[in-house]
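Hi everyone, thanks for making time today. Let me put the model up on the screen, and then we can walk through its helices together.

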Amino acid sequence: MAIGPAPILALLLGGFHTALFVFLRARAGVRIAIVFAAAALGAWAGDALGGRTGVDPIRIGDFHVIAASVMAWAGIAFVAVLSILGPVERRLRS
């Protein structure tokens, strides 16, 4: 059974965009694993979408880099919006 390049490249691209997000925000937080998962799944979905449309000019083999990057950032934005709208954790003063 052979694994295609799309899942592996989606993990690499998701990791890159997660690191870029953390660099731009200047903090990681506890949701870093959720952001990475959303970015990797978004990159994988973006590759599939780019394959269907066939408009992506930058490719690595059959992997559509631009579409995957756009969808990775859409996944990161989704997690960021959910974290803003979610409940706030309050710490008790002792």
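**Helices and their contacts**

Let's begin where H1 ends: the helix is followed by Ala 26, whose phi is positive, near 65°. Helices here are DSSP runs of H or I with at least four residues, and strands are E runs of at least two, numbered from the N terminus. A quick note on provenance: this is a predicted model, where local features need pLDDT of at least 70, side-chain atom pairs count only at pLDDT 80 or more, and totals for chains, interfaces and linings use all residues. Residues are numbered from 1 along each chain as its sequence is written, and side-chain values use heavy atoms, leaving out hydrogens and water.

How far should the 21 residues of H1 span? At 1.5 Å a residue, the expectation is 30 Å, and the end C-alpha atoms are 30 Å apart, which agrees. The expected span is 1.5 Å times one less than the number of residues.

Next, burial, meaning under 20% relative accessible area with a 1.4 Å probe, protein chains only. In H1, the buried residues are Ala 6, Leu 9, Ala 10, Leu 13, Gly 14, His 17, Thr 18 and Phe 21. Their cover includes H2, E1, E2 and H3, with contact meaning heavy atoms within 4.5 Å.

Now the packing. Two packed helices are described by the angle between their axes and the distance between the axes. For H1 (residues 5-25) and H2 (residues 32-53), the axes come within 7 Å and cross at roughly 130°. Axes are lines fitted to C-alpha atoms over the stretch in contact, with angles from 0 to 180 degrees between N-to-C directions. H1 and H2 are therefore oblique to each other; that word covers whatever is left after under 35 degrees (roughly parallel), over 145 (roughly antiparallel) and 65 to 115 (roughly perpendicular). Among the residues making this contact are Leu 13 and Phe 21 of H1 and Phe 36 and Trp 44 of H2.

What about H2 and H3? Their axes come within 6 Å and cross at roughly 145°. Residues meeting there include Gly 42, Gly 46 and Gly 50 in H2, and Ala 68, Ala 72 and Gly 75 in H3.

Finally, H3 (residues 65-85) also has 21 residues that should span 30 Å, and its end C-alpha atoms are 30 Å apart. Buried residues in H3 include Val 65, Ser 69, Ile 76 and Val 79. H1, H2, strand E1 (59-60) and strand E2 (63-64) are among what covers the buried residues of H3.

Methods:
Buried < 20%, exposed > 50% of the residue type's maximum accessible area, 1.4 Å probe, protein only.
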